[in-house]
Amino acid sequence: MESAPLVEDLSDRREDDTAVILYTSGTTGRPKGAELTHANLSLNCDIGANDLLGLTADDVIFGGLPLFHAFGQTCTLNAAVAVGACLTLLPRFDAERVLSMLGEHGVTVFAGVPTVFSRLLRQPGRDAYDVSRLRVALCGGSDMPLQVLQDFQAAFDVVVLEGYGLSETSPVASFNTLQAGPRPGSVGTPIRGVEMRVVDNDGKEVPQEESGEIVIRGHNVMKRYWQRPEETAEAIRDGWLYTGDLGRVDEDGYFWIVGRKKDVIIRGGYNVYPREVEDVLYEHPAVADAAVIGLPNSDLGEEVGAAVVLKPGARTTADELRAYVKGQVAAYKYPRKVWITDTLPKGPTGKILKREIVPPPEPGGR
């Protein structure tokens with residue numbers, strides 16, 4: 001009897017065949033499996049490695065992102081393999097160990113989500129570590145507070161490139177670039193071969209600077225959701241992926257994220273975008289992490305609530321934080337309910353999971 005070959009013949013694989021099924025982070029609902037093709041991944045990897053980062057075999061990439069996640073798999077693992085660069089791995093994030101690795105391994109490219117940048121900034125004695133080889137930092141996965149970005153660039157003397165993408169887009173859709181120079185706070189312009197628009201609830205493109213849902217079309221868009229035909233049809237319409245993310249585009253074609261469509265808080269008929277309020281909270285010197293969510297309210301429909309984690313050794317009160325935000329945003333936007341907590345729930349990449357935040361019975365601090 002003839003034995004089966006030990007290595008499967010892959011010569012009949014096509015570009016549009018499914019290569020992997022990567023699950024969404026499930027920040028607002030149950031995770032879904034995005035079927036990504038060989039073309040999805042190879043093109044996204046090529047653009048990330050060459051167009052965005054200019055990677056060479058001399059680069060050392062920090063590999064602290066989970067490799068089962070689109071960001072870690074495409075932008076660190078696949079990119080490193082593609083150019084013959086080194087990927088230095090860390091199985092569990094530890095800020096002190098990360099800072100040591102940057103010098104010990106001569107890391108040139110750092111990739112992480114915003115909470116990782118925050119934790120490195122807060123690490124005691126960080127100025128003593130050698131980060132001299134670091135030439136660029138890549139941030140994605142969720143919104144980067146502007147204050148954190150500015151503080152990180154100053155502390156580590158490195159350019160931070162913000163980008164935007166989803167598991168459904170392999171993941172990169174837009175990015176700031178070294179060539180054009182970053183525009184802090186924005187997620188850059190669409191990558192090569194990809195189109196992005198901002199549309200209203202009827203799918204019509206809105207004028208520049210107006211907010212709407214971001215839709216994406218191009219070689220990076222997934223094949224479908226695994227075994228979820230109805231949700232696939234809802235997400236991909238006429239070739240465009242409806243992301244569920246709200247944003248705007250400026251006159252130069254740079255995109256700016258406003259927040260998740262499902263996260264918008266409607267307080268007494270007024271829309272409150274959590275990111276705007278969170279950015280103000282991050283500017284407070286005592287705040288390490290913040291998450292703004294909608295709380296049920298019988299009179300207004302929803303009330304604005306904020307869960308806050310303080311920096312080690314920092315002292316403030318919920319009332320002080322409430323007053324701080326009140327002085328910087330419109331009257332209907334500031335959080336009436338603020339509570340200070342030890343931690344916020346996070347996913348494997350460090351992304352805050354708002355759906356798992358449970359306010360105390362009587363918010364108001366401690």
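Which residues are buried in α7? In this predicted model, they are P274, R275, V277, E278, V280, L281 and Y282. Residues are numbered from 1 along each chain as its sequence is written, and side-chain values use heavy atoms, with hydrogens and water left out. Local features need pLDDT of at least 70, side-chain atom pairs count only at pLDDT 80 or more, and totals for chains, interfaces and linings use all residues.

**View 1. Helix α7, residues 274-283.** Of its 10 residues, 7 are buried, so α7 is largely enclosed by the rest of the structure. Buried means under 20% relative accessible area, exposed over 50%, and partly exposed in between (1.4 Å probe, protein chains only). Helices (H or I, at least four residues) and strands (E, at least two) are DSSP runs, numbered from the N terminus.

**View 2. F117 in the largest nonpolar core.** This core has 101 residues. A nonpolar core is a set of buried Ala, Val, Leu, Ile, Met, Phe, Trp, Tyr and Cys residues joined through side-chain atoms within 4.5 Å. The residues with the most contacts inside it are F110, F117, L120, F152, Y164 and I216. Leaving out residues up to four places away in sequence, F117 touches F110, G112, A137, L138, C139, M144, V148, F152 and V160. Contact means heavy atoms within 4.5 Å.

**View 3. Helix α4, residues 114-122, and its cover.** Here 7 of the 9 residues are buried, so α4 is largely enclosed by the rest of the structure. The buried residues are P114, T115, V116, F117, S118, L120 and L121. Their cover includes α3 (95-104), β5 (109-112), β6, α5, β7 and β18 (287-297).

**View 4. Strand β7, residues 159-165, and its partners.** In β7, 5 of the 7 residues are buried, so this strand is largely enclosed by the rest of the structure. Two strands pair if DSSP finds at least two bridges between them. Strand β6 (residues 136-139) pairs with β7 in the parallel sense over 4 bridges. A137 stands opposite V160 in β7. From β6 the chain crosses through helix α5 (residues 146-156) to β7, a right-handed β-α-β crossover. Right-handed means that, with the strands pointing away from the viewer, the path from the first strand over the helix to the second runs clockwise. Strand β8 (residues 172-175) pairs with β7 in the antiparallel sense over 3 bridges. G163 has F175 in β8 as its bridge partner. β7 and β8 form a hairpin with 6 residues between them, and S170 in the turn has a positive phi of about 75°.

View 5. β18 and strand β19 (residues 301-310) pair in the antiparallel sense over 10 bridges. V287 stands opposite L310 in β19.

**View 6. Cysteines C45 and C75.** The structure holds 0 disulfides. A disulfide is a pair of cysteine sulfur atoms within 2.5 Å. The sulfur of C45 is 8.3 Å from its closest cysteine sulfur, in C75, too far for a bond. C45 is buried, with a relative accessible area of 7%. C75 is buried too, at 9%.
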